[in-house]
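Here are my notes on the model you sent. Please read them with the structure open.

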Amino acid sequence: GASPARFQGSALFDWLRAADSGSRALSVSRKDRAAILPIGRARQDVYWYVSGRWTTSDYYRDSLPAWLTAYDTRPGARDLAGRAWDLLLPDSAYQEPDSEPYENGGKGYLFPHRFAVDSAQAARSVIDFPWMDSLTLDVALEGVRQLGLGRRGHTDLLNISLSSTDAVGHAFGPDSREIHDQVLRVDRWLGQFLDSLSRLVPGDSIVFALTADHGVTPYPEDLAAHQQPGGRIGLKAVVAGLNAAYDHRFAMRFGFQAASGLIYGDLDALRARGIDVDSVARAVAKEVGALDGVAQVYTQRSIAAASDADTNAGRWKRLLPDRFQWLVAGVAKLGYQWSGTTRATEHGT
């Protein structure tokens, strides 16, 4: 059910393949999008984790390769049933408190964190534990071994996206013992992986590139506890009002949604019914701008007129594709985040 259908442009592997038609790619991640998008539209070995097993979609192939089918029969995360995630190092090595009730939605915020005793449930829930990274690195290593990557006389691409820092960061925040322990573990697992990879592929034949997709902001509740400004900005009511007004008026759905300060929907459908979208955008921008914690709000017209010195406008311009139908784009004040819930912390301000 996942593919690069919405991907635009080209990617590193396209350039490698243009230079060497024998190049191959292997991409693995807990998340489908993190496995797919770095490879672009190329039909290569692209796998992700769903409900306790590694899989792909028929965009790439009709059936799983034998080596991955065999890998899925291993105990893997099922072997973690009933075990506990406890601190890797002695308690004294961690400066962070382990008693913040806003973490993890107010449930299970103290060490140790236990896996379910049911093996199938443990395999599904591993995505929220550090061991998901260990599992991802392990299946990547098996794929390199089975496909002969880096040993075939061609330049191959191995893409690995590790998602546990994301999951733990969102649930517990950047000031938690959990994220401290996660980073310690992923550092060790990466070291083991690199040692193992260099036994399969000569080290002087490997180019490594490491990056991150985003950081994670402090919990607003944590900022408040330390008398610092911050809070949550919810756009649910604004979006609900838009959908109620236009869906009822025209007896159809325009699909307005909000994500990270952006409100978007089917603007072409509004225009087709004689609605002045610029006027709607200005009204919504005024409503969003009045919310506590909002620093700036742009419409398509105002962002086009913004000067080069407006760095926030520049960030949004670089992010939004030309054909994307968005209504308003907001910027939060420092310490605030676009989130109407206290269950997690988010990507950034």
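1. The largest cavity holds about 90 Å³ of space. This is a predicted model, so treat that volume as a computed value on predicted coordinates. A search of the whole structure turns up one cavity of 30 Å³ or more.

2. Which residues line the largest cavity? The lining consists of Y49, G52, W54, Y71, D72, R74, P75, G76, A77, R78, A123 and L135.

3. Now to D222. This residue sits in helix 8, which covers residues 220-225. Is D222 buried or exposed? D222 is buried, and yet it has no salt bridge. The nearest side chain of opposite charge belongs to R232, 11 Å away.

4. What does the side chain of D222 meet instead? A polar contact of 2.6 Å links it to the side chain of Y102. Setting aside neighbours within four places in sequence, D222 is in contact with Y102 and D175. D175 is also an Asp, and Asp counts as negative. Please look at the D222 and D175 pair in the viewer.

5. For the overall fold, the protein has 13 helices and twelve strands. The C-alpha trace spans about 60 × 55 × 40 Å along its principal axes. Of the 349 residues, 44% count as buried.

6. On contact range, consider pairs at least 6 apart in sequence. Of those contacts, 67% join residues at least 24 apart.

Methods. Residues are numbered from 1 along each chain as its sequence is written. This is a predicted model: local features need pLDDT of at least 70, side-chain atom pairs count only at pLDDT 80 or more; totals for chains, interfaces and linings use all residues. Side-chain values use heavy atoms; hydrogens and water are left out. Helices (H or I, at least four residues) and strands (E, at least two) are DSSP runs, numbered from the N terminus. Buried means under 20% relative accessible area, exposed over 50%, partly exposed in between (1.4 Å probe, protein chains only). A salt bridge is a side-chain nitrogen of Lys or Arg within 4 Å of a carboxyl oxygen of Asp or Glu. A polar contact is a pair of N or O atoms within 3.5 Å; within protein, one must be able to donate a hydrogen and the other to accept it, and residues adjacent in sequence count only if both atoms are side-chain atoms. Contact means heavy atoms within 4.5 Å. On a 1 Å grid over the protein atoms alone, a cavity is a set of points where a 1.4 Å probe fits but cannot get out, and a pocket is an open set with protein on both sides within 12 Å along at least five of seven lines; lining residues have an atom within 4 Å of a point. Grid points are joined across faces, edges and corners, and a volume is the space filled by probe spheres set on the points.
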